[in-house]
Amino acid sequence: MWLIGPIGFAAPWLLLGLIALPILWILLRAVPPAPIRRRFPGVALLLGLTDDENQSDRTPWWLLLLRILAVAAAIIGFAGPVLNPQNAREGSGDLVIILDGSWAGAPSWQARIDRVDTLLTEAALADRRTAVINLSALPATEELPFAAPGDWQNRLPGIQPQPWQPIDPAAWFTETTGNFETYWISDGLDWDGREDLLAALETRGGVTVFQTPRQNLGLRPARFEDGEVIVSATRSPVGNPLETTITAIGLDPAGVERQLAAVPLIFEPGEAVAETAMVLPPELRNRITRFEVTGRRSAGAVSLTDDALKRREVALIAGRDDREGLELLSPLFYLREALEPTADIIDGTLDDILLANPDVIIFADVANLAGTEAEAVLEWVERGGMLLRFAGPRLAASDQGRNVVDPLLPVRLRSGGRSVGGAMSWGEPKTLAPFAEDSPFFGLPIPDDVTVTSQVMAQPDPTLADSVIAQLTDGTPLVTRTLAGDGQIVLVHVTANAEWSSLPLSGLFVQMLERLAVSTRPSTPDAAELAGTTWLPNRVMDGYGSLEDGSALPGVAGEVLAEGIPGPDLLPGLYAGGDRQLAINVIGEDTVLNVAGWPTRIAIEGMDVVRETALKGWLLSATMMLLLIDVIASLAIGGRLRGPRADVAAALAVALLWTPDAQAQTAEDFALRATTEVVLAHVLTGDAEIDEISQAGLLGLSQTLFRRTSIEPAAPIGVDLENDELAFFPFLYWPVTADQPLPSREAYAKLNRYLRSGGMIMFDTRDADSARFGSGSPEGQRLQAIARSLDIPGIEQIPPDHVLTRTFYLLQDFPGRYASRDVWVEAAPINAEQVDGMPFRNLNDGVTPVIIGGNDWARAWAVDANGRRMFPVGRGMSGERQREIALRFGVNVIMHVLTGNYKSDQVHVPDLLDRLGQ
Amino acid sequence: MTQPLALRSDAEALAAPLPPLLAEAEHLASAVLLGEHGRRRAGTGDTFWQYRPAQPHDEARSIDWRRSARSDANFVQDKEWQIAQSIILWVDQAASMSFGSDENLPTKGQRARTLGLACAILLIRGGERVGLTGLRLPPRRGEAQLMQMAQLLSQEDDTDYGAPEAQGMLPHSRALFISDFLGDIKPIEDALLRAADRGVGGALLQVLDPQEEAFPFDGRTIFQSMTGALQHETLKAGDLKTRYLDRLAERKDHLQNLARVTGWQFQTHHTGESATNALLWLYGALEHHS
């Protein structure tokens with residue numbers, strides 16, 4: 001193979017022919033176009049006329065160029081040009097192709113599989129035994145699964161990326177025996193044990209690595225920080241700035257999974273980690289089930305959320321109520337109002353509440369707790385609970401935390417509290433001071449109208465300042481906080497109702513509650529807590545990051561879960577234990593992605609598979625096209641395009657160029673054929689025999705109509721539901737076959753329009769000999785499937801006074817080849833009543849849009865080209881009688897279609913005559 | 001039309017009363033023979049033409065006494081002129097006439113023969129004597145003459161371009177030349193002048209193919225006459241068009257002049273047009289000034 005750039009030539013010496021092109025040019029140039037000989041009597045007048053001097057007798061240059069190009073294209077074409085020729089990989093002996101097969105490879109998995117496919121093809125050419133091994137899902141056997149490359153090519157679709165990284169495959173490889181060459185399709189990420197494996201493989205033979213420097217993104221679990229959801233992602237390799245989008249996905253109120261929010265995530269150049277905050281209304285935040293990096297199909301780009309983002313459970317406990325019915329004065333009223341939208345509120349006694357293990361317990365003006373209760377609450381707080389206390393008259397009056405620090409109060413309190421700005425006190429009501437920077441409330445705007453008239457006072461002591469997270473303008477603490485164990489205790493020095501301050505009336509109250517409540521997270525369960533528990537997989541993730549139902553999978557021991565390292569034993573996903581949910585994500589809080597580096601002795605190839613493209617066909621077609629153009633151009637030059645025979649050429653050109661018009665022509669023909677005379681039509685089922693019988697049947701019916709009635713139909717037409725217009729036909733006969741394809745949406749639209757605008761379809765399941773109407777014969781089932789999308793009204797069996805029984809012949813039976821009475825038409829309106837003295841009810845106006853039956857009418861009607869009956873009906877004379885009745889039914893049907901309820905109107909004749917005074 | 005009874009087998013032609021040419025000519029002539037065709041002037045003849053008051057130069061025996069008795073003046077009965085004229089036809093039978101550009105169009109020769117014969121039929125029915133030039137068929141009257149004429153006209157000539165023979169023209173007779181007049185103009189000129197010398201008037205009908213008028217050619221072309229004797233090669237036929245058309249116009253002009261000088265009438269007919277028009281013109285042209 002000889003290469004010029006990306007193009008190689010199979011037979012390069014043929015290109016020498018290109019040298020001959022200039023000679024060809026000169027030759028062609030010397031030869032003028034061949035003359036046409038024409039008989040022309042007027043030649044006598046031409047004698048002596050000479051051509052203009054400047055007129056060249058040579059072929060024009062552009063025609064020469066065209067021909068040279070054609071010849072050049074032919075020469076190059078025959079030289080066998082190939083775009084991106086592939087050099088066969090050399091090698092012999094056994095070959096092992098290993099794939100990292102981790103989530104990192106998922107986004108470009110197909111490229112990897114293509115690469116493996118190409119390698120296998122090459123191995124097949126070199127007749128090498130091969131084994132393909134996904135390191136993330138090692139074979140269960142201890143032997144290398146060698147097989148012919150062709151076998152592996154068939155099994156390639158079964159190799160899928162796993163949502164974890166290889167776990168110590170070197171150990172597995174050391175178990176195996178034999179020497180082999182290794183092709184290693186790397187995902188580009190480093191993982192533990194990779195060097196070991198490389199060393200193990202190198203002892204067996206050469207290793208070639210296929211790896212492309214591709215950005216891998218890992219989305220870390222989202223976390224809360226100061227009311228915002230912080231999402232962060234890490235990447236590898238670190239390099240240019242990268243902008244991507246993180247979407248939060250969850251169920252909408254209708255239970256449909258959809259994108260709830262999206263934020264751009266920007267990696268600064270040289271930064272491996274990017275972080276962004278999502279500010280979401282609690283309603284949305286509670287709904288989030290996972291975060292995704294948009295456009296990355298990888299388990300690493302998906303981060304499931306668990307309880308961490310869920311609604312808080314808040315328990316409200318008020319001091320003893322000694323009054324009733326004063327709802328607005330209830331110490332819990334404003335709390336309830338504020339928390340209801342964002343939290344699950346638990347009511348009950350303290351004992352019960354503690355069992356429910358809420359995230360937050362709020363004491364509104366609760367002073368004293370029984371000793372065991374206080375201990376239990378403290379224990380709960382230390383395990384991560386948050387106790388929020390509001391002051392009040394009771395707390396102020398109690399001795400709680402007066403001299404010693406109450407463990408359930410952040411500060412010591414002075415007795416009595418104070419009251420400012422009231423009717424009996426000096427001073428103005430106090431307002432809030434701006435929040436300090438280290439306060440969780442920092443940044444919240446303070447409304448001017450929030451005033452405090454009473455409060456409990458903290459005992460000044462050296463540590464007081466550390467505890468204060470909100471204070472009044474005069475420096476007295478309003479909110480104090482202390483940490484206890486994993487949890488915290490917060491005291492608001494005013495009441496939770498509007499008695500002491502207007503704070504509960506303001507929006508600030510809600511925001512403060514939100515800041516406080518949100519910043520309490522359930523602690524991550526540790527191994528000790530998880531020990532002995534079993535967690536059931538709820539949803540599990542595959543390598544592409546799509547979630548599947550995991551309920552069929554076995555439970556996972558808490559110890560495994562505690563480790564949190566995804567692997568074959570612990571699929572990433574959402575695990576449920578009791579009322580808690582835990583998310584196992586591929587990427588942890590502090591997972592770092594590293595590029596897989598390789599020693600210099602390892603050959604690294606790219607992943608791209610370039611396909612060989614043989615250009616020969618294109619070039620030869622180009623040659624043909626050029627020669628065709630040359631033919632036309634030569635004709636034009638030689639005057640053969642114009643002149644006496646030009647009309648032929650023009651006609652030919654028109655015929656070539658205007659083929660689409662032929663279609664339009666046929667559509668028009670079809671319309672003309674269908675509309676110039678009354679035409680019965682049948683639906684083409686695709687079954688040639690059935691279509692032929694339908695055609696013959698309608699022909700027989702048409703002939704009968706022609707002979708006996710004033711309807712004189714033309715030859716029937718088969719109608720293709722997909723392509724033909726139906727509006728031309730008053731009547732469609734539709735034989736239902738079991739394997740008939742369902743009409744397309746457009747065809748259904750057409751059919752429904754047809755039915756609504758007065759057309760009639762006669763469905764014939766042709767199975768009345770063996771099946772009853774509605775029974776599960778294959779045709780019947782097909783009919784149900786077909787009719788499901790049709791606009792068919794309620795139907796009933798033909799009643800004895802239906803207009804079909806008397807449109808032309810008086811009939812009570814409607815046989816075809818079979819004589820079942822199961823023939824159904826549109827049901828009569830409910831209010832149809834038989835008037836006294838009338839033979840018939842005044843039935844539905846208009847034509848029944850459907851007749852449904854299985855009597856195989858077409859076979860009974862069918863005649864061949866010579867007018868002979870094609871199929872026997874019944875036996876002997878009674879059979880002929882049945883055929884006669886079948887034909888009469890056909891006549892009645894067509895009469896009904898064409899005349900509508902005309903015969904039905906006959907019942908009004910006596911009335912009309914009466915009115916006319918006759 | 002090399003066979004006198006062409007287009008049909010011999011037996012069929014024998015059974016038929018007229019050769020196809022004659023039939024065609026009859027058909028064409030019948031289209032014209034609708035109205036009067038008498039001479040419509042007083043002269044020697046048998047049929048009554050008109051009564052006119054007797055003039056002094058009228059002989060007494062010519063007075064119609066029956067008419068004169070009904071009034072005071074004397075009347076003379078005029079008879080319609082019934083002197084038979086001799087008309088000589090020349091229809092070009094040379095090879096150039098066998099050109100037809102389109103299958104749907106008749107060749108020039110076919111059209112010329114049909115027109116000539118139709119004219120002859122009309123004239124013979126009108127009581128004239130019709131013959132062919134060159135002593136081949138002296139003017140006679142009667143249907144038999146038509147048969148013979150049809151036979152002679154069906155023959156074809158080998159020469160490229162035909163030339164009329166001025167022999168056999170009776171003095172003061174009339175003549176009809178039908179040709180494409182594309183060949184050498186000299187013999188035609190001679191013939192016309194000689195005819196004029198003898199006091200023969202008549203009509204020239206130039207029959208041309210539409211292609212000869214349009215010259216729709218282009219590219220390198222070798223034009224050949226119908227026998228191939230003459231040929232002309234050009235590299236760009238399209239460029240010759242205007243010059244060819246000029247020459248054709250010049251030729252027509254020349255013929256027109258010639259006709260005017262000799263007292264003949266000239267007309268060009270194209271095979272793409274209706275033959276009836278040409279026949280009407282021919283009939284009128286021969287009727288005039290007779």
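**Close-ups of chain A**

**View 1. Helix α3(A) passes helix α17(A) in a left-handed crossing.** Left-handed here means that the near helix is turned anticlockwise from the far one by less than a right angle. This is a predicted model, where local features need pLDDT of at least 70, side-chain atom pairs count only at pLDDT 80 or more, and totals for chains, interfaces and linings use all residues. Residues are numbered from 1 along each chain as its sequence is written, with chains lettered from A and ligands numbered from 1 in the order in which they are written. The axes of α3 (residues 61–78) and α17 (residues 616–637) of chain A come within 8 Å and cross at roughly 160°. That makes the two helices roughly antiparallel (an angle over 145 degrees; axes are lines fitted to C-alpha atoms, for helices over the stretch in contact, with angles from 0 to 180 degrees between N-to-C directions).

**View 2. Who meets whom between α3(A) and α17(A).** Among the α3(A) residues in the contact are A:Leu66, A:Ala70 and A:Ala73, while the α17(A) side includes A:Leu619, A:Leu626 and A:Ala633 (contact: C-beta atoms, placed from the backbone, within 7 Å). The contact residues split into 15 nonpolar, 3 polar and 3 charged (Ala, Val, Leu, Ile, Met, Phe, Trp, Tyr, Cys and Pro are nonpolar; Asp, Glu, Lys and Arg charged; the others, Gly among them, polar).

**View 3. An open sheet of 5 strands, paired in parallel, in chain A.** The order reads β6-β5-β7-β8-β33 (strands are DSSP E runs of at least two residues, helices H or I runs of at least four, numbered from the N terminus; pairing takes at least two DSSP bridges). At the edges sit β6 (130–134) and β33 (603–605), each pairing on one side only.

**View 4. Strand β5 (residues 95–99) next to β6(A), parallel over 5 bridges.** Look for A:Ile97, whose bridge partner in β6(A) is A:Val132.

Methods
Parallel < 35°, antiparallel > 145°, perpendicular 65-115°, else oblique. Contact = placed C-beta atoms within 7 Å.
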